[in-house]
Amino acid sequence: SSSSSSSTVSVLSSFCQLIHSEVNALLTLLRVDSSRKRIVSASFFQSLHKGLKDYIQPVMVKLGGAMLVDFRIVNQDAPHEDKQRAVKVLVGVLYALFYLISCAGTRNAYRIAGLFSSEKAAMDRLLDLFCLLTIGIAVSVALRTAWPVMPMYLLLYFIMNVRRPVSVSQISELMGRERRATVMSVESLLVSIFVFVLAPILGVVANYVAIEAMFLAVGIGGLAVNYALLVGS
């Protein structure tokens, strides 16, 4: 009984020491400017992606019919059911392209990152481009110009899948291999917190103002946060 009790105390003591060590390491990580920028930048970008992706299909459905008419794939006088069927086919084809382009982006991530002065510079510039494309989508939706939206969506997916491996590489090196899982868990926690804050705000703007206003707010807000808090090593 006494040996069992001492064993339990020993396990609890080791567990407390481990937690204390991990918490101290994470506080150190967040205190250092360069490491904080990397982990917050990675988390912030992921949260923007998660916040926007649920609004991509509604916009494609909304503008898909107009695009099919513009390109004379569907007659403007065609029955509503025929237009709806054509839009569903278009959305399916576009999602297939999204995933093909996603694979290409992931496969060539480090080659593209090599075009920049550092991996952190690549993270910064890709976030800039993501935000500018989001602003472009907002303008296109506001002007009811369908055809530019689809290529910009394709580029958004490409950027998402180029940036993710680079971000993982940057944050996994912050505390060495021994604590890599801890760092990734912190990034995941920060993503959840950012999404928890952003998702209701984006939903309110999309529902009560306009979906293009929501895209515009994400683009401008993302650029402001990037240059105010995240840019630089």
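The scale I used calls a residue buried under 20% relative accessible area, exposed over 50% and partly exposed in between, with a 1.4 Å probe and protein chains only. I worked on a predicted model, in which local features need pLDDT of at least 70 and side-chain atom pairs count only at pLDDT 80 or more, while totals for chains, interfaces and linings use all residues. Residues are numbered from 1 along each chain as its sequence is written, and side-chain values use heavy atoms, with hydrogens and water left out.

**Surface patch**

I placed I193 in helix α8; helices here are DSSP runs (H or I, at least four residues), numbered from the N terminus. I then listed a nonpolar surface patch of about 520 Å², made by L189, I193, F196, V197 and I201. Patch members have over 30% relative accessible area and no salt bridge; nonpolar side chains (Val, Leu, Ile, Met, Phe, Trp, Tyr) are joined within 5 Å, and like charges within 9 Å. The areas come from the Shrake-Rupley method with a 1.4 Å probe, and for residues only the protein chains shown count as cover.

**Nonpolar cores**

I looked up the largest nonpolar core, which has 41 residues; M60, F98, F130, I137, Y153, M214 and F215 have the most contacts inside it. Such a core is a set of buried Ala, Val, Leu, Ile, Met, Phe, Trp, Tyr and Cys residues joined through side-chain atoms within 4.5 Å. The elements giving two or more residues to this core are α2 (33-53), α3 (56-70), α4 (80-107), α6 (119-142), α7 (149-172), α8 (180-208) and α9 (211-230). Of these, α7 gives the most, with 10 residues. Apart from this core I noted another, of 11 residues, among them I39, M123, V186 and L190.

Leaving aside neighbours within four places in sequence, I137 touches V149, M152, Y153, L156 and F215.

**Helix α6**

The 24 residues of α6 should span 34 Å, and the end C-alpha atoms are 35 Å apart, which agrees. I found 18 of the 24 residues buried, so α6 is largely enclosed by the rest of the structure. After α6 comes R144, whose phi is positive, near 55°.

**Salt bridges**

I searched the whole structure and found 5 salt bridges, each a side-chain nitrogen of Lys or Arg within 4 Å of a carboxyl oxygen of Asp or Glu.

I noted R125 as partly exposed at 32% and D128 as buried at 7%.

R164 and E187 meet at 2.6 Å, N to O. R164 lies in helix α7 and E187 in helix α8, so the pair ties together parts that are 23 residues apart in sequence. R164 is partly exposed at 27%, whereas E187 is buried at 3%.

I also recorded that salt bridges with shared partners join D33, R36 and K37 into one network. Within it, D33 and K37 meet at 3.7 Å, N to O, and lie 4 residues apart in helix α2, about one helical turn. D33 is partly exposed at 38%, and K37 is buried at 15%.

Methods
Contact means heavy atoms within 4.5 Å. The expected span of a helix is 1.5 Å times one less than its number of residues.
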